[in-house]
Amino acid sequence: MRSLFVLMACALLPAQEWTDRAEYDMALSVRAQPAPQPRLTLLDQWKLKYPNSPMRMARAELTLGAAQMLADTGRILDAARDLIAADANSFTGLYWIALLAPSQTPVTPKLVTEAESAARKLLKGADAYFASAAAKNHLPQKKLAIAMAHRTLGWVEWRSNKIDAALVELRAALDMNPRSGEVSAWMGAILAADADRRKKTNAIWHLARASSLDGEGALPAQQRREVRELLETAYTSHHGALDGLDEVAAKTRDTVQPPDTFSIESATEVAARKADEALALSNPQLFEWIKIRRRLTGPDADAEFRKLEGVALPTMKGWVVRCDGGPKPNEVIVGVQDSSIEEVVLKLDVRAPKCPASGLALEFEALPVSLVKDPFRVTVGVELKAIRGL
Amino acid sequence: MIRKLLVLAAALLPLSFGQQQNEDGKRVALVIGNDNYSIRPLQNAVNDARSMQKALSAAGFLVIERENAGKVGMEEAVAAFLEKIGPGDVALFYYAGHAIQIDNENVLVPTDFTEARSLIDAKFKSFSMTPVLGYLKTSRAKTIVLIIDACRSNPVAQTHSLKAGLATPLEAGKNTYIAFSTSPNNVAGDNPNGRNSWFTEALAATIAVPALTIDDVFTRVRDKVENATAGKQTPWSYSSLTSKFYFYPPRSGESENNESLIAKWLEDALRNEQYGNWTEAIDLAERIVKQKPGGIVEETAKSRLPYLKARDAAQTSIERGEYAAAIAQFDQALKLEPFDVDAAFEGSSGAMLADDLPRAVQLLQIVRQRGTTPEVQRAEAILKELGTAEPAAAAALKGGAVKPPAVQEVFHTHRFGVPDWETGWRLVRQVPAQVDYPSIAKKLPPPPVIAAPVPVAVPVPTAQQQPAEPVHTAVVEAPQVITLDDLYVEVKAVAGTRDLVTEEFGQITIKATSKKEIGLMLEGRAVSRKLPYTAKLPPGRYEIRTIEAGKARSERRVEVKSGLNPDLVLQ
């Protein structure tokens, strides 16, 4: 393949004989016509009269040039196809197909296949092409061309619903060309639909960047507005409200990919945090217990308990559920969050004269002794005389 | 000719005061450049200020310029500047020198700044932009432009571990355009080998381009600076402008972004060339080059200019009877445009008039190779006539037909084998890929419904003894006031069985077989006066009790799982 590209680049248009002087006259008439539309007509006439001319590659490139002046993407693609028909590895032909295929409507399976093939060939041949004499002065375009090929492959994979593959390609595109609002928007749109929390927040990052990027590489105004609306929907869907979105957008302006530490509180987290804050204010004692309980019911319960062993717990309040140990009990079982649920076993240093009445509120200081995870129960050592409320 | 040149000159003159008078107010600028620091002096900031002073004055600004200003000098300059600004004016503030951010506030560093003991000390020795923006906001200026070419690595930031570069300005008001020489929190280069910083060099040059909006100016500046610094420095801008601002407004009907107009200029230039209207063609080509539209249009205009000028000069020489000079100029034109068969014909005529027949034959041979069939026939007819006087002419004809040149030669200005990158990117922007963002937005789930705040403890005081203190519940939001009848169903979480952190919810519908109106108490809160009721609850175990007249009539426990749960039917 490399040799093919080198060959193509070194002898882009090998000296060919005109079919006859009349063909040369037609070429001169094209040359003399600067206006793109009549020039295209003349090029079409040339193609009609000499379809298999040895000059057909040059003719296709001239057609491309005229179509570019008219911004006629359909004609550009047709000319690019002519180039590829004449030379399957024509970099110019591959470039235009890969570049413009995602803009075409309708998107047919043939177009998608064509775009994929062009983008893959571009990637494969880029090194050799940009090392060639024809392109040596265009080296700064190499990264952009490679970025464009990855972007088109990302689009192809997205169309085929191969989401992970699409993301890999789009990420590669952004690595090569960070100022592409389009690619950021696509990444955001793909990730937004994913249920995974991490991907959701990353979607917000990319959409925020796409909608706030201006100048070179920015999305056209209409698409930018649409992306902003999608961003706001995605953000509200995750966070519950729009507060904090502008701060997120500001962070994205100078950074292409979301940092590993990037996160946005979910609506549930916001509600839980607010509930915790309210509880910490209204009942700090209970809140302390809830924090301890969360540690002891979490995945590292045993390790967390070991950290608590021998350390005095903050003053706690519980309600008597029942007693153990006979008429003079040595254990009183209390509920802390709920007066009817056994949570904490008070292991008394001396037996109590009798079992306190069920529902009686007790306040005590305690040292953790043991933990039963299911059903949850913490046994704590308590001095009988230090229990208040008995 | 002179008249045409005047027309050309008039067309290319920067549009200055005439256009600016169309604005309601005046244009006032303060330009400060500080080099002369005792610690880490700069070398280009004063030059930058001078360049900006020139560029802005030319654009119709009344410019107050200060060089190497200390703190008092800066304050006085700003006061003088603010005093001159009135309603409807354009106010532009430009600063080149050291600047830092302290607590997200941008402060400019005067030249008399000495080493600071602390951040507070540094702040007081510097010049904060916040009050300046505040005054500008209240000045009722129509347009406020703030340009800071600073963010250069500076000793203050290093000494006190400050963040590099400038902070994103949060206090900018309406109709304000802010530009930094680099993006917030980054450091800009001073261009040690140049006379100006990269940023100001590009800015002063770009301001002079007519018909560019301020956004266009900074887009170009960004591009130039990125190219000059190999992508290390990207100027940053922020705009809350609600109308376009031009340093040099477009003439009536003309806009820099009007690509079709520029394409038409090219078309007209080439048409004029075809008709031999060289001066008009030169005028149009030069206008295109000056507008820098990029891509194939600019390239074509640029490449045509030397040829057009050679033809123009040749025509003038012929008109003056200076044939030898004309031959040389036609040769030059042919060198630049080998397919200008007309130049070859005219050159051969000039050679014949100058009695240089061998040169005339050479020029006609060029026609035979490159011309169209009728042109070849005409050249051969002339050669035939010349053959009697000049043996080279007869020999040329005897040699037979001349092969036409290769296609690359015919279209020698076309860049074969290389795509037109600029046009490519412009087209992608003009015709973007069709992605239905609104429909993607529609498919996103709505914000989750958060269950009512959970009362984390609902102790039931015993008949024997009331608790010592009122019992705690953590109710975050005020409950909806629903009064339940004597008969209702109570749903209460079994403590410690629910996961309140993850985002999952279980949906369960509670129904009753009784036709009586039965209310629902969810976690201590009356939520409905009748069943069925669908609740979204964190997964976990729940106690369901039917309460009538304060007494539990029945009791059961259910496990609510994530997602949809089977209906719970109460007898």
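Modeller: Chain A averages a pLDDT of 90, and 96% of its residues score at least 70; pLDDT is the predictor's confidence in each residue, from 0 to 100. This is a predicted model, in which local features need pLDDT of at least 70, side-chain atom pairs count only at pLDDT 80 or more, and totals for chains, interfaces and linings use all residues. Residues are numbered from 1 along each chain as its sequence is written, and chains are lettered from A and ligands numbered from 1 in the order in which they are written. In residues 1-13 of chain A, pLDDT stays under 50.

The sheet to look at is in chain B. That chain holds 20 helices and 18 strands, taken as DSSP runs numbered from the N terminus (helices H or I, at least four residues; strands E, at least two). Of its 571 residues, 42% are buried, meaning that 20 or more other C-beta atoms, placed from the backbone, lie within 10 Å of the residue's own.

Six of the strands of chain B form an open, mixed sheet, in the order β2-β1-β3-β7-β8-β9; two strands pair if DSSP finds at least two bridges between them. β2 (62-67) and β9 (236-239) of chain B each have a single partner strand, so each has one side without a neighbour in the sheet. On average, neighbouring strands are turned by 10° against each other, direction ignored.

Strands of a sheet pair through backbone hydrogen bonds, parallel or antiparallel.

Now the helix. α3 (residues 45-58) of chain B lies across β1 (27-33), β2, β3 (90-96) and β7 (143-149) of that chain, at about 165° to β1(B). Axes are lines fitted to C-alpha atoms, for helices over the stretch in contact (C-beta atoms, placed from the backbone, within 7 Å), and angles run from 0 to 180 degrees between N-to-C directions. Together, β1(B), α3(B) and β2(B) make a right-handed β-α-β unit: with the strands pointing away from the viewer, the path from the first strand over the helix to the second runs clockwise.

Methods
A residue is buried if 20 or more other C-beta atoms lie within 10 Å of its own, exposed if 12 or fewer, and partly exposed in between; C-beta atoms are placed from the backbone. Two residues are in contact if their C-beta atoms, placed from the backbone, lie within 7 Å.
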